[in-house]
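Hello,

Here is the structure I promised to pass on. Please open it next to this email. My notes follow below it.

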Amino acid sequence: MTESSHRKAKSGLASDFSGVAARYDSTRDLPQEFLLACYARLVERGLLPATGLILDAGCGTGQVSLPLAAQGYEVRGIDIAAEMIAIAQAKVQSGWHADYTVGDVRDIAFDTHSIDAIVVSKLFQHIEDWKGACRELIRVARPGACLIQINERGAFGNVVRRYFARRADELGYAGRYLGLNPHGEAELRAHMKAEGCEAILVDVADLRWTTGISYGEALGRLRDRLYAEFWYLPEAVHRQLIAETSAWVEAQPEGGATIDRLTPYLVVEVFRTPR
């Protein structure tokens with residue numbers, strides 16, 4: 001990926017999704033009905049206010065927070081990628097109170113203790129100084145407000161991508177994210193505890209859906225470098241892995257037409273900020 005795939009700030013590097021903005025929504029499947037069901041459970045448990053000002057930090061195209069805007073919440077979204085922000089803002093419908101602007105989660109332009117709840121999705125893995133981002137999010141949250149991390153598990157782990165990732169591991173490129181390991185829940189919990197936050201278990205594993213992708217489409221997404229996980233591989237290594245993966249796909253009985261069936265599900269981690 002080019003230099004534009006990451007951006008340097010006072011707190012280190014952060015992945016910039018500007019280059020993949022046009023294809024982001026079509027390659028990330030996060031059904032709105034499951035998000036709404038998740039939010040309803042959070043409201044019922046008192047972890048998300050029934051109304052109020054919500055910050056979507058690292059908002060991308062607004063997938064996670066637009067359903068909240070549709071429910072009447074006041075939403076503010078920030079992201080370093082102007083192209084992603086433009087797409088999010090274009091989705092805002094008349095009568096919604098939502099505003100998406102270019103901003104950095106490591107230096108948020110909101111007053112201390114001004115936000116009623118924060119939602120994030122796949123954020124901390126893309127920020128080198130993810131701990132600094134956590135501290136800044138805690139700063140803008142009102143005392144006792146919740147930081148809600150929502151991820152879809154199993155949505156991207158198709159067979160072709162796993163093959164590609166395994167070969168990258170074998171070549172010595174195992175640490176491919178700028179920030180927190182996507183499976184580093186224990187490390188995140190430990191840090192948030194050190195910051196005075198309370199981790200709250202929310203089980204939404206029943207919120208799952210089915211989808212599928214052909215081996216050819218999965219290979220094409222890797223070739224087009226749509227996933228930040230692989231942006232920082234050296235160009236020569238990326239070309240080698242594409243060639244090897246392409247040969248592996250072609251060797252399958254149905255080649256690129258093979259369909260991989262996936263069953264993604266939601267995972268939610270909630271952290272109540274200090275009161």
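One term before the findings: contact means heavy atoms within 4.5 Å. Axes are lines fitted to C-alpha atoms, for helices over the stretch in contact, and angles run from 0 to 180 degrees between N-to-C directions. Keep in mind that this is a predicted model.

Start with helix H5, residues 130–140. Helix H5 lies across strand E3 (53–57), E6 and E7. Its direction is at about 135 degrees to E7. Helix H2, residues 32–44, lies across strand E6 (115–120), strand E7 (141–153), E8 and strand E11 (265–272). Helix H2 runs at about 30 degrees to E11.

Now the sheet. In what order do the seven strands of the open sheet come? The order is E5-E4-E3-E6-E7-E11-E8, and the pairing is mixed. Strand E5 (97–102) and strand E8 (198–202) are the edge strands, as each pairs on one side only. From one strand to the next, the twist averages 20 degrees.

Strands of a sheet pair through backbone hydrogen bonds, either parallel or antiparallel. Both senses turn up here:

- Strand E4 (residues 74–79) and E5 run parallel, joined by six bridges. Val75 stands opposite Ala98 in E5.
- E7 and E11 are antiparallel, with eight bridges. Here Arg153 faces Tyr265 of E11 as its opposite residue.
- E8 and E11 are also antiparallel, with five bridges. Ile200 stands opposite Val270 in E11.

Is E11 enclosed or open? Six of its eight residues are buried, so E11 is largely enclosed by the rest of the structure.

On to the aromatic side chains. Rings of Phe, Tyr and Trp (its six-membered ring) pair if their centres lie within 6.5 Å. By this rule there are seven aromatic pairs. One of them joins Phe17 and Tyr24. The ring centres of Phe17 and Tyr24 are 6.0 Å apart and the planes stand at 85 degrees, so the pair is edge-to-face, for which the angle must be over 60. Phe17 has 11% relative accessibility and counts as buried, because the cut-off is under 20%. Tyr24, at 11% relative accessibility, also counts as buried. Ring pairs link Phe17, Tyr24 and Trp231 into a cluster.

One more item, on a charge and a ring. Arg161 lies over the face of Tyr227, at 4.2 Å from the ring centre.

Best wishes

Technical notes: Residues numbered from 1 in each chain as written. Predicted model: local features only at pLDDT ≥ 70, side-chain atom pairs only at ≥ 80, totals over all residues. Heavy atoms only, no water. Phe/Tyr/Trp six-rings, centres within 6.5 Å; stacked < 30°, edge-to-face > 60°. Buried < 20%, exposed > 50% of the residue type's maximum accessible area, 1.4 Å probe, protein only. Lys NZ or Arg CZ within 6 Å of the ring centre and 35° of its normal. Pairing = 2+ DSSP bridges. Helix = DSSP H or I, 4+ residues; strand = E, 2+ residues; numbered from the N terminus.
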